[in-house]
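Here is a friendly walk through one protein model, from its sheets to its helices and a few single residues. Have the structure open beside you as you read.

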Amino acid sequence: MIALSEVSKTYQTRTGPKAVLDRINLTIRPGQRLGILGCNGAGKSTLIRLISGAEHPTSGHINRGMSVSWPLAFTGGFQCSLTGADNLRFICRVYGRDYARVLPFVESFSELGRYFREPFKTYSSGMRARLAFAVSMAVEFDCFLIDEIVAVGDARFTQKCHDELFLKRGDRAVILVSHQPSTIKAMCDSAVVLLGGRLLSFDCMEGAFDFYDRTMRIA
């Protein structure tokens with residue numbers, strides 16, 4: 001289980017403190033697929049970074065009783081001077097995975113060909129995202145974080161990513177943040193709305209969608 005208790009995040013700006021998240025309380029259970037709806041600038045990406053551990057809250061606590069991925073397709077943790085293969089080797093050491101065992105999967109799934117053994121800095125943005133997604137699947141996590149929809153290639157490759165995550169790992173928890181209700185409806189079994197720095201819960205997904213739709217029309 002992952003539990004957020006009274007989590008707030010404030011950034012210092014030139015015009016003074018900017019509160020992005022205000023006393024967020026949230027519980028994610030094993031196998032749950034939670035969608036977090038919010039308009040652009042609502043703080044969705046900030047919340048994902050806090051849950052992943054990439055940033056720390058200004059106040060409050062996050063208890064991670066499950067292993068949590070980095071945001072899928074996120075490439076910020078890769079070393080540009082290392083090859084794709086060497087980046088995988090380093091990440092395997094960090095997460096205690098057997099490099100030789102996961103190497104064939106990552107090399108095949110990422111479809112990088114000879115570039116897998118070229119420096120990461122030579123990759124296009126799409127190649128970087130494909131490697132990051134493949135490594136995420138190889139490391140394995142109890143909970144996967146998705147910042148908006150994962151689009152890491154053409155329609156065929158995107159479908160392959162969907163099958164790998166949502167079908168082969170259907171027992172894992174997923175936290176997906178998006179501004180599109182249709183995306184959350186297709187991939188999640190519960191939904192909340194992030195508005196004004198607060199997280200609003202509803203009895204059912206349709207309640208969350210209806211509230212979000214009314215809010216967007218007013219805005």
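## The six-stranded sheet

Let us begin with an open sheet of six strands, in the order β5-β6-β7-β3-β8-β9 and with mixed pairing. β5 (68–71) and β9 (198–200) form the edges; each has a single partner strand, so one side of each is left without a neighbour in the sheet. On average, neighbouring strands here are turned by 20° against each other, direction ignored. A word on terms: strands (E, at least two residues) and helices (H or I, at least four) are DSSP runs numbered from the N terminus, and two strands pair if DSSP finds at least two bridges between them. Axes are lines fitted to C-alpha atoms, for helices over the stretch in contact, and angles run from 0 to 180 degrees between N-to-C directions.

This is a predicted model: local features need pLDDT of at least 70 and side-chain atom pairs count only at pLDDT 80 or more, while totals for chains, interfaces and linings use all residues. Residues are numbered from 1 along each chain as its sequence is written, and side-chain values use heavy atoms, with hydrogens and water left out.

## Pairings inside that sheet

Strand β3 (residues 33–37) and strand β7 (residues 173–178) run parallel and are joined by five bridges; leucine 37 stands opposite serine 178 of β7. β7 also pairs with β6 in the parallel sense, over five bridges, and there isoleucine 146 has leucine 176 in β7 as its bridge partner.

β5 and β6 are parallel too, with two bridges between them, and proline 71 faces leucine 145 in β6. How much of strand β6 (residues 143–147) is covered? Most of β6 is: four of its five residues are buried. Buried means under 20% relative accessible area, exposed over 50%, and partly exposed in between, with a 1.4 Å probe and protein chains only.

Strand β1 (residues 2–13) runs antiparallel to β2, and nine bridges join them. In this pairing, glutamine 12 stands opposite proline 17 in β2. Contact means heavy atoms within 4.5 Å.

## Helix α4 and its two partners

The axes of helix α4 (residues 125–139) and helix α5 (residues 155–167) come within 11 Å and cross at roughly 20°. α4 and α5 are therefore roughly parallel to each other; angles under 35 degrees count as roughly parallel, over 145 as roughly antiparallel, 65 to 115 as roughly perpendicular and the rest as oblique. The crossing of α4 past α5 is left-handed, that is, the near helix is turned anticlockwise from the far one by less than a right angle, with clockwise giving a right-handed crossing. Here Arg130, Phe133 and Met137 of α4 meet Phe157, Cys161, Glu164 and Leu165 of α5. By class, this contact has five nonpolar, no polar and two charged residues. Ala, Val, Leu, Ile, Met, Phe, Trp, Tyr, Cys and Pro count as nonpolar, Asp, Glu, Lys and Arg as charged, and the others, Gly among them, as polar.

Helix α3 (residues 99–110) packs with α4 at an angle of about 145°, their axes 9 Å apart, and this crossing is right-handed. Val102, Phe105, Val106, Phe109 and Ser110 in α3 meet α4 residues including Arg130, Phe133 and Met137. The contact of α3 with α4 divides into 10 nonpolar residues, one polar and one charged.

Is threonine 83 buried or exposed? Threonine 83 sits in the loop between β5 and α2 (84–95), and counts as buried at 15% relative accessibility. Beyond its neighbours within four places in sequence, threonine 83 is in contact with Phe116, Arg117, Glu118, Pro119, Phe120 and Tyr123.

Alanine 54, in the loop between α1 and β4, is exposed, with a relative accessible area of 58%. Alanine 54 lies 8.0 Å from tryptophan 70, C-alpha to C-alpha, with the two 16 residues apart in sequence. Finally, glutamate 206 belongs to helix α7 (residues 205–218) and is partly exposed, at 41% relative accessible area.
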